[in-house]
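Please look over the sequence and the coordinates below before reading on.

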Amino acid sequence: MSSSFVVYIDESGDEGFAFGKGSSEWFVLSAVVTLQSEDMETVRLVDRVRSRLKRPDHKPLHFRDLRHEHRLAFVAEIAVASLRVVTLLVHKPSLLKYGELLGRDLYFSGVTDLLERIALLCKVARPRTGDGTAEILFSHRSGMSYGDLRDFLQGRVERKELDGTFFRQDRVQSLTSGRRKGLQIADAVASGFFKAVEPTEYGFTEDRYARILKPILFRSGSLYLGFGLQLWPNRLGELMEEHGPTWVQEAFGGEEE
């Protein structure tokens, strides 16, 4: 039986800690989750955006290569799609400050956190088709051993540290964004949230991308934080006071009416 879900995962920023020497202060991991039965809609979405922006058919859409107004159009199209988003925002200097460097590797630990939230999303979605598992597709990273990542995640499942009901090791793979268009959506989501927290060289951030994506962020009832949006370290007050992502509390921290 086929999987019930498709999960596309991409990141923005880097995992380095050489601040002031090229490393970003923030690292963002995002997942776009769709029903397997509706996955063709991700292809149509990307094709619509490419046509609207008059981009070449053969060239993948990369958020970093688009002008600001084109980025807004892209995330606005994503925001009305039949999918859900889970995002992890990691403030690396605060991890050092509070001694919260987790796991053997920031990326592996971050992916685990992301998948814990996706597991909950898959549970509440109750799909009508498939076996309840997810096809998990990572945007390919050069130098990354996805065999090691699969083994790491399988170990977490076997130790019951990760809900295994949606996870099958043989349904985890890495692909380029040209091979699966859903990865281009994950790139736009991760990059959009990254630009909402990482200051430019002139000290500005752009939170409109994150705010536009709010309708598709996974939530439990009226709660977004801890479900579709998670901060590392989980110290929202300190992060807002010292580093300025005030939009997190304003847009995602309150109760929905």
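Helix H1 (residues 40-53) packs against helix H6 at an angle of about 65 degrees, and their axes lie 8 Å apart; axes here are lines fitted to C-alpha atoms, for helices over the stretch in contact, and angles run from 0 to 180 degrees between N-to-C directions. H1 is therefore roughly perpendicular to H6, given that angles under 35 degrees count as roughly parallel, over 145 as roughly antiparallel, 65 to 115 as roughly perpendicular and the rest as oblique. This is a predicted model, in which local features need pLDDT of at least 70 and side-chain atom pairs count only at pLDDT 80 or more, while totals for chains, interfaces and linings use all residues. Residues are numbered from 1 along each chain as its sequence is written, and side-chain values use heavy atoms, with hydrogens and water left out.

**Helix packing**

- Thr-42, Leu-45, Val-46 and Arg-50 in H1 meet Gly-182, Gln-184 and Ile-185 in H6, where contact means heavy atoms within 4.5 Å and where helices (H or I, at least four residues) and strands (E, at least two) are DSSP runs numbered from the N terminus.
- By class, the contact of H1 with H6 has 3 nonpolar, 3 polar and 1 charged residues; Ala, Val, Leu, Ile, Met, Phe, Trp, Tyr, Cys and Pro count as nonpolar, Asp, Glu, Lys and Arg as charged, and the others, Gly among them, as polar.
- In helix H2 (residues 68-78), the buried residues include Phe-74, Val-75 and Ile-78, with buried meaning under 20% relative accessible area, exposed over 50%, and partly exposed in between (1.4 Å probe, protein chains only).
- The cover over the buried residues of H2 includes H1, H6 and helix H7 (208-212).

**Nonpolar cores**

- The largest nonpolar core has 45 residues, and those with the most contacts inside it are Val-32, Phe-74, Ile-78, Leu-89, Val-189, Phe-193 and Trp-247; such a core is a set of buried Ala, Val, Leu, Ile, Met, Phe, Trp, Tyr and Cys residues joined through side-chain atoms within 4.5 Å.
- Helix H6 (residues 182-197) gives the most to this core, with 10 residues.
- Apart from this core lies another, of 37 residues, among them Val-7, Leu-29, Tyr-146 and Val-157.
- Leaving aside neighbours within four places in sequence, Phe-74 is in contact with Leu-45, Val-49, Leu-61, Phe-63, Leu-66, Gln-184 and Ala-188.

**Two buried arginines**

- Arg-141 lies in the loop between strand S4 (134-139) and helix H5 (146-158), and because its relative accessibility is 15%, Arg-141 counts as buried.
- The side chain of Arg-141 makes a polar contact with the side chain of Glu-11 at 3.0 Å; a polar contact is a pair of N or O atoms within 3.5 Å, of which, within protein, one must be able to donate a hydrogen and the other to accept it, and residues adjacent in sequence count only if both atoms are side-chain atoms.
- Arg-156 is placed in helix H5 and, at 18% relative accessibility, counts as buried.

**Backbone details**

- The peptide bond from Trp-232 to Pro-233 is cis, with omega near -15 degrees, and Pro-233 is found in the loop between strand S6 (229-232) and helix H8 (236-243).
- Lys-54, in the loop between H1 and H2, has a positive phi of about 60 degrees although it is not a glycine, and Lys-54 is exposed, with a relative accessible area of 72%.
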